[in-house]
Structure formats: structure tokens, C-alpha cells
Amino acid sequence: MMRIVSTLTVVVAVASLAACDQTNPKASETGGAKPKPTLVQYTDALAKKANALFGDTIESRAGKAGDQAANRARNAMSSSNYEQTVGDCADDDCAGHNAGFAWAKAKKLEDSETCPSDRGDAFEDGCRAYGETIQGSRDDARGAVLNGKDPPT
């Protein structure tokens with residue numbers, strides 16, 4: 001709420017000064033380069049302050065939201081298998097998919113690119129599904145925050 005009030009204060013200040021187009025008299029007296037109008041100087045300073053206040057904050061909020069979503073996904077999958085999480089197996093029994101999923105969970109492997117490919121396609125698919133589920137949750141939450149929306153819960 002405080003950030004919204006601060007942002008609105010900045011917007012109101014800039015809007016109230018929008019009609020002003022005065023130059024800085026001290027700068028013009030020095031004989032140097034043509035000075036920026038006072039409004040431009042003021043808005044440049046406000047833009048720098050706004051970037052310092054909000055630029056990193058949005059990015060860090062997105063990172064935190066992504067980490068929280070990844071933790072929720074890990075917790076949700078802690079007592080489930082591939083079949084319960086994804087639900088669709090290429091073969092009838094899902095044994096290979098479930099084994100790969102369990103292996104990735106036990107190894108805490110969240111980078112789906114490092115899943116072993118020498119244990120069969122079903123195992124690799126199950127392994128990849130674990131990491132992709134976590135990464136997908138992280139990406140969805142980050143994207144939501146960066147787009148000004150609440151992260152999915």
C-alpha cells in the first residue's frame with residue numbers, strides 16, 4: 001500500500017509540474033551548454049528514484065514468488081508419483097515413468113536436461129516430468145508477478 005501511495009505521489013508531482021517549462025537560471029548564467037528544463041531535471045531525478053525503489057523490488061518479488069511456487073510444487077509431489085502428478089503414461093502400467101519420477105525426487109533433480117537417457121524412454125520422461133513441474137510452477141509465478149498479477153497459488 002505504501003508503494004502505491006509513493007507511486008501516486010510521484011505521478012501527481014510530475015503532473016503538477018507538467019505545465020512548467022522553465023530553465024534553470026543558474027545553469028544558463030554559466031555560459032555552458034544549454035541547460036535542461038527544470039521539469040526534465042526533476043523528472044529525471046524522480047525516474048532514478050523510482051527505478052531504485054521499484055526496479056529491483058519487482059524482480060526480487062518475482063524471484064521470491066517463483067521460489068515459493070517451486071516449494072509448493074515440491075511439497076505437493078512429495079507423496080505422489082508420476083501417475084498422480086501428470087496422469088498420462090505412454091504405457092499401461094506407468095512403472096518406468098513412476099521410477100524416473102521417484103529417482104528425480106530422491107536426487108532432488110530439478111534440471112530436466114540432466115536426466116539419464118540410458119534407462120529407457122519412460123524412465124527419462126518420468127524424471128523430466130518432476131523437474132519440469134517444479135520449473136513450470138516457478139516460471140508461472142515469476143511471470144505473473146512481472147506482469148503485475150498475483151502469482152498462482
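A quick word on the model: it is predicted, so local features need pLDDT of at least 70 and side-chain atom pairs pLDDT 80 or more, while totals for chains, interfaces and linings use all residues. Residues are numbered from 1 along each chain as its sequence is written, and side-chain values use heavy atoms, with hydrogens and water left out.

Stay on helix 5 and pick His-97, Asn-98, Gly-100, Phe-101 and Ala-104, its buried residues (buried is under 20% relative accessible area, exposed over 50%, partly exposed in between, with a 1.4 Å probe and protein chains only). They cover an arc of only 165° around the axis, so they sit on the same side of helix 5; the arc is taken from the directions from the helix axis to the C-beta atoms. Now turn to the other side of helix 5, where Ala-106 and Lys-107 are exposed. Step on to Lys-108, which follows helix 5 and has a positive phi, near 55°.

Finally, zoom out to the whole protein. Colour by secondary structure and you get six helices and zero strands, counted as DSSP runs (helices H or I, at least four residues; strands E, at least two) numbered from the N terminus. Of the 153 residues, 25% count as buried.
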